[in-house]
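This report is meant for a reader who is meeting the structure for the first time.

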Amino acid sequence: MDREEIYGMVIREMTETAVRERNEHSPEDQELQDRVARPSKEMQEKIKDLPEDVKKAITDYVEATLLAADHDCMYLYEQGAKDCVVLLKKLGVL
């Protein structure tokens with residue numbers, strides 16, 4: 001495992017922990033998660049009777065969309081850390 005993979009694992013763990021802790025302490029965020037879970041279950045129930053090719057196309061699209069959102073979150077997390085360092089340097093803290 002190279003350094004980039006290790007950094008990626010660390011960042012993923014940190015973001016997942018932060019989201020989990022936020023959801024535990026924020027009723028609004030937990031409600032948002034619940035709002036996503038209900039339609040997700042409903043969609044899974046509705047697509048089960050569709051032809052396999054249609055079901056696969058829908059599933060592939062949803063997975064690709066979620067993967068793209070996950071990559072955006074990782075990028076923003078890393079960029080936020082970089083921006084924080086730049087700001088701390090400009091403030092003379094570092």
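A residue is called buried when its relative accessible area is under 20%, exposed when that area is over 50%, and partly exposed in between, with a 1.4 Å probe and protein chains only. The accessible areas themselves come from the Shrake-Rupley method with a 1.4 Å probe, and for residues only the protein chains shown count as cover.

This is a predicted model, in which local features need pLDDT of at least 70 and side-chain atom pairs count only at pLDDT 80 or more, while totals for chains, interfaces and linings use all residues. Residues are numbered from 1 along each chain as its sequence is written, and side-chain values use heavy atoms, with hydrogens and water left out.

**Cysteines**

C84 has a relative accessible area of 40%, and is therefore partly exposed. A disulfide is taken to be a pair of cysteine sulfur atoms within 2.5 Å, and by this rule the count comes to zero disulfides.

**Salt bridges**

A salt bridge is counted when a side-chain nitrogen of Lys or Arg is within 4 Å of a carboxyl oxygen of Asp or Glu. A search of the whole structure finds six salt bridges, and the table gives some of them.

| Salt bridge | Closest N and O atoms |
|---|---|
| D70 with R12 | 3.0 Å |
| D29 with R22 | 3.2 Å |

The helices named here are DSSP runs (H or I, at least four residues), numbered from the N terminus. D70 and R12 pair in a salt bridge, and this pair links distant parts of the chain, since D70 is in helix α3 and R12 in helix α1, 58 residues apart. D70 is partly exposed, at a relative accessible area of 28%, and R12 is also partly exposed, at 30%. In the pair of D29 and R22, R22 is partly exposed, with a relative accessible area of 39%.

E42 and K46 both lie in helix α2 (residues 27-47), where they are four residues apart, about one turn of the helix. E42 counts as partly exposed at 45% relative accessibility, whereas K46 is exposed, with a relative accessible area of 56%.

**Surface patches**

Patches are made of residues with over 30% relative accessible area and no salt bridge, like charges being joined within 9 Å and nonpolar side chains (Val, Leu, Ile, Met, Phe, Trp, Tyr) within 5 Å. Which residues make the nonpolar surface patch of about 700 Å²? They are M1, I6, Y7, M9, V10, M14 and Y77, and the largest share of this patch, five residues, comes from helix α1 (residues 3-25). V10 is found in helix α1 and counts as partly exposed, at 42% relative accessibility.

D2, E4, E5 and E78 form a negative surface patch. E78 is placed in helix α3 (residues 52-90) and is partly exposed, with a relative accessible area of 33%.

L91 is found in the segment after α3 and counts as exposed, at 58% relative accessibility.

Definitions and conventions. Lys, Arg positive; Asp, Glu negative; His and termini not counted. Charge placed at Lys NZ, Arg CZ, Asp CG, Glu CD. Helix = DSSP H or I, 4+ residues; strand = E, 2+ residues; numbered from the N terminus.
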